[in-house]
Amino acid sequence: MVTLRQAQGPDAAQGADAARGSGRSREHAWAVAATVTDPEVPVLTIEDLGVLRSAEVDGDRATVTLTPTYSGCPAMDAMRDDVILALNAAGYSPVEVRMVLSPAWTTDWMTDAGKRKLTKYGIAPPSGRAALQQGIIRLQLAVKCPRCGSLRTREVSRFGSTSCKALFECLDCLEPFDHFKVI
Ligand SMILES: [Zn+2]
């Protein structure tokens, strides 16, 4: 899967190398910002989510661009504050976080690593693709049970523990689970 993140951002190996050094660089700032996690789904970093769009460095100044997952998502304020704290702790000052709303975030930007982490955490990752064609068309595939892998699942409630997840249950192992909705 080619995401905009992969097209814009440094690759993971470069970021990790830069993080080990003390030098400030775009790659280093990206690697530091990429350690920030989603308070609602703590296994996912903002890099896994595709929320982290770019990092720029000019001397000690860092500018990070984020695209919110959902407008009004309360977790975004926490993620923005955590990016500032993490970069301040790494010696960047001032730190500016820009929120870019367009193009709108979609679950298509979630990395494959992020989807694997979600499954291990017991949350079914977004299935299918949000396609842009005369507005957003949501293509929903069968949701796979993160515990037993069964595709015999059903939606119990459109809203799970948070608004970005739906509550499902598995008809085979009978366990309820959250599904990260496709948007
Ligand atoms: Zn199951």
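Two strands are said to pair if DSSP finds at least two bridges between them. The elements named in this tour are DSSP runs numbered from the N terminus, with helices (H or I) of at least four residues and strands (E) of at least two.

Residues are numbered from 1 along each chain as its sequence is written. The model is predicted: local features need pLDDT of at least 70, side-chain atom pairs count only at pLDDT 80 or more, and totals for chains, interfaces and linings use all residues.

**Stop 1: confidence**

Colour the model by pLDDT, the predictor's confidence in each residue, from 0 to 100. The protein averages a pLDDT of 83, and 79% of the residues score at least 70. Select residues 1-21, where the pLDDT is below 50; beyond near neighbours in sequence, this stretch has 31 contacts in the model. Two residues are in contact if their C-beta atoms, placed from the backbone, lie within 7 Å.

**Stop 2: the four-stranded sheet**

Select S6, S11, S10 and S9, which form an open sheet in that order with mixed pairing. Strands of a sheet pair through backbone hydrogen bonds, either parallel or antiparallel. Strand S6 (123-124) and S9 stand at the edges, each with a single partner strand, so one side of each is left without a neighbour in the sheet.

Begin at S6, which runs parallel to S11 and is joined to S11 by two bridges. Here Ala124 has His179 of S11 as its bridge partner. Move on to S10 and strand S11 (residues 176-180), an antiparallel pair joined by five bridges. Lys165 stands opposite Phe180 in S11. Finish with strand S9 (residues 153-157), which pairs with strand S10 (residues 165-170) in the antiparallel sense over four bridges. Ser157 has Leu167 in S10 as its bridge partner.

**Stop 3**

Select Leu174, in the loop between S10 and S11. The hairpin of these two strands has five residues between the strands. The phi of Leu174 is near 65 degrees, a positive value in a residue other than glycine. Most residues other than glycine have a negative phi, and most peptide bonds are trans.

Is Leu174 buried or exposed? A residue is buried if 20 or more other C-beta atoms lie within 10 Å of its own, exposed if 12 or fewer, and partly exposed in between, with C-beta atoms placed from the backbone. Leu174 has 10 C-beta neighbours inside 10 Å and therefore counts as exposed.

**Stop 4: helix H6**

Select helix H6 (112-120). Which residues of H6 are buried? They are Gly114, Lys115 and Leu118. Seen down the axis of H6, the buried residues fall within an arc of 100 degrees (taken from the directions from the helix axis to the C-beta atoms), so they line one face of the helix. Among the elements that cover these buried residues are S2, helix H4 (46-49), S6 and S11. Turned away from the buried side, the other face of H6 carries the exposed residues Asp112 and Lys120. After H6 comes Gly122, with a positive phi near 95 degrees.

**Stop 5: the nonpolar core**

A nonpolar core is a set of buried Ala, Val, Leu, Ile, Met, Phe, Trp, Tyr and Cys residues joined through C-beta atoms within 7 Å. The largest such core has 38 residues, and those with the most contacts inside it are Ala29, Ala33, Ile46, Met79 and Leu87. Helix H5 (residues 75-89) gives the largest share, six residues. Domain 1 (4-99) and domain 2 (122-180), whose bounds come from an automatic or database domain assignment, both contribute residues, so the core lies between them.

Centre the view on Ala33. Leaving aside neighbours within four places in sequence, Ala33 is in contact with Ile46, Leu52, Ala55, Val64, Val83, Ala86 and Leu87.

**Stop 6**

Thr35 is in the loop between helix H3 (26-33) and strand S1 (37-38). With 14 C-beta neighbours inside 10 Å, Thr35 counts as partly exposed. Not counting residues up to four places away in sequence, Thr35 touches Thr45 and Ala86. Thr35 and Ala86 are 51 residues apart in sequence, yet 8.1 Å apart in space, C-alpha to C-alpha.

Next, select S1 and S2, a hairpin with two residues between the strands. S1 and strand S2 (residues 41-45) run antiparallel and are joined by two bridges. Asp38 has Val41 in S2 as its bridge partner.

**Stop 7: two cis peptide bonds**

Select Pro94, in the loop between H5 and strand S5 (95-99). A cis peptide bond joins Ser93 and Pro94, with omega about -5 degrees. Then select Pro103, in the loop between S5 and H6. Ser102 and Pro103 are joined by a cis peptide bond with omega about 0 degrees.
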